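Thanks for coming, everyone. Please take a moment with the sequence and the structure on the screen. Then I'll walk you through some parts of it.

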Amino acid sequence: MIRSLTASAVLLALPTFTLQAAPAISAGEYVAKLGDCAACHTSEESKPLAGGKGFPTPVGTVYATNITPDKTHGIGNYSLPEFIKVMREGITRSGNPLYPAMPYTAYAKMSDEDLTALYHYLMQEVTPLPVANKASDIPWPLNMRWPLRGWNWLYHDDGRFAPVAGKSEEWNRGAYLVQGAGHCGSCHTPRGIGMQEKALTEADPLYLSGATLDGWYAPDIRGSRYDKQALIDLLKTGRSQHQAVNGPMAEVITHSSQYFSDADLASIATYLTGLDDDAAAARGNRAYASAGGKANYAMYCSTCHGNDGRGSDRVIPSLVGNQTVLAEDPASLLSVLLHGAETPITQGHIGYRMPGYGWTLNDEQIAELVNTLRASWGNEGVAIKPATVKAQRALHE
């Protein structure tokens with residue numbers, strides 16, 4: 001449902017295209033990987049695709065449903081047209097609208113070919129599991145579904161992806177994947193008063209310009225912030241030469257993007273790095289390095305990240321020019337410093353864990369450390385205050 005590319009320091013994090021399935025899996029399973037179905041529809045307690053994972057919203061928690069072909073609790077009774085309708089319009093077989101935590105707003109762009117392949121995979125290759133769905137804890141009357149039809153009328157465009165004239169096939173394939181199955185805008189695009197994504201395509205500069213969600217900041221991924229090869233490496237392995245992924249995006253890589261074909265990864269990187277980048281300069285007072293921040297960096301950070309902040313290639317991320325360190329919204333940086341983080345586990349790569357220091361550093365000390373990181377080695381970031389750290393700490397207490 002909802003995820004984010006959070007790059008760690010910390011950085012971290014189809015016109016009808018022919019499917020480019022990875023070896024040893026069916027075309028439908030590959031589409032399921034593109035859409036990251038498992039990450040949302042599998043909870044820590046449930047078996048794969050049996051639902052139960054909770055997603056907080058401003059009005060309560062919504063739980064992912066069972067999408068195995070079980071005929072009582074899953075989608076076993078869905079016909080192909082009914083399946084396509086729920087994927088594109090967010091309307092279930094029984095006529096109830098889904099909460100837009102399910103990114104049908106993005107899946108609407110998917111081709112009939114891909115949705116048909118996904119349907120046959122779920123119906124024929126997935127084991128049916130008789131696991132009952134969990135009702136949301138949204139209180140009455142906010143849990144009534146009929147107003148969601150009004151939300152769809154106001155905010156949902158169920159049109160298919162249309163290739164952009166004058167762009168290469170690779171660029172358009174990347175656009176299709178990012179806007180459709182990959183639903184990258186669900187996390188990386190700011191939301192409006194109705195919790196709708198403010199933009200759905202690259203035509204609007206707000207699209208993929210960064211947003212805060214569940215205590216993490218999904219950064220701006222438009223333009224040249226990330227090198228093309230670095231993007232490919234991050235999506236495939238969770239790390240590049242100078243960066244690493246943690247936070248919610250780590251799940252996306254573990255369950256989804258590590259399985260993308262090389263051609264699709266290249267297409268995504270081509271699309272993202274080719275977008276116009278009109279981001280405004282960071283506002284606010286410049287951060288400065290304090291004696292206390294320097295002392296705590298030396299004690300807690302320098303062993304891994306080095307006195308020069310450059311880390312170790314493909315293992316410890318560099319803090320120099322790090323997008324998470326420098327982001328005006330410090331949510332992801334603070335989450336890592338307070339609570340720690342772990343890079344994703346991918347094929348041939350174990351995860352590395354950074355410990356959190358919220359247990360030993362108070363709000364003022366964390367703020368000093370952040371400001372020191374933002375003002376060292378040529379970094380120029382906005383200063384934060386202890387009150388910001390206090391608010392971030394409270395999100396997970």
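One term before we start: a residue is buried when its relative accessible area is under 20%. And one reminder: this is a predicted model.

Let's begin with helix α5, residues 112–124. Which residues of α5 are buried? They are D114, L115, A117, L118, Y119, Y121, L122 and M123. What do they pack against? Four helices: α1 (27–35), α2 (37–41), α3 (80–89) and α7 (169–179).

A quick check on the length of α5. The helix has 13 residues, and at 1.5 Å a residue they should span 18 Å. The end C-alpha atoms of α5 are 18 Å apart, so the two values agree.

Now the nonpolar cores. The largest one has 55 residues. Which members touch the most others? M87, L118, L122, Y271 and L272. Several helices each supply at least two residues of this core, among them α1, α3, α4 (104–107) and α11 (262–273). Helix α5 gives the most, with seven residues.

L122 is then in contact with L49, I67, P69, I75 and F83.

There is also a second, separate core. This one has 21 residues, including L334, A341, A367 and L373.

Back to helices, with α10, residues 248–255. Its residues M249, A250, V252 and I253 are buried. Where do they sit around the helix? Looking down the axis of α10, the buried residues fall within an arc of 155°, so they line one face. Here is the general point behind that. An α-helix has 3.6 residues a turn, so residues three or four places apart point the same way. As for partners, the buried residues of α10 pack against helix α9 (228–237) and strands β6 (244–245) and β7 (341–342).

Next, a pair of strands. β2 covers residues 54–57 and β3 covers residues 60–63. In which sense do they pair? Antiparallel, over four bridges. They form a hairpin, with two residues between the strands. At that end, look at T57: it stands opposite G60 in β3.

On to the aromatic rings. How many aromatic pairs does a search of the whole structure find? Six. Let me show you one of them, Y300 with Y357. The ring centres are 4.9 Å apart and the planes are at 45°, so this pair is tilted. The pair links distant parts of the chain, with the two residues 57 apart. Y300 is in helix α12 (residues 291–300), while Y357 is in the loop between β8 (353–354) and α16 (363–375). Are these two buried or partly exposed? Y300 has 22% relative accessibility, so it counts as partly exposed. Y357 has 12%, so it counts as buried.

Last, two backbone details. M195 has a phi near 60°, a positive value in a residue other than glycine. M195 lies in the loop between α8 (185–188) and β4 (211–213). At 38% relative accessibility, M195 counts as partly exposed.

R314 is not a glycine, and its phi is positive too, at about 65°. Look for R314 in the loop between α13 (302–305) and α14 (323–326). R314 is partly exposed, with a relative accessible area of 43%.

That's the tour. Over to you for questions.

Notes: Residues numbered from 1 in each chain as written. Predicted model: local features only at pLDDT ≥ 70, side-chain atom pairs only at ≥ 80, totals over all residues. Heavy atoms only, no water. Buried < 20%, exposed > 50% of the residue type's maximum accessible area, 1.4 Å probe, protein only. Arc of directions from axis to C-beta. Contact = heavy atoms within 4.5 Å. Expected span 1.5 Å × (residues − 1). Pairing = 2+ DSSP bridges. Core = buried A, V, L, I, M, F, W, Y, C linked by side-chain atoms within 4.5 Å. Phe/Tyr/Trp six-rings, centres within 6.5 Å; stacked < 30°, edge-to-face > 60°.
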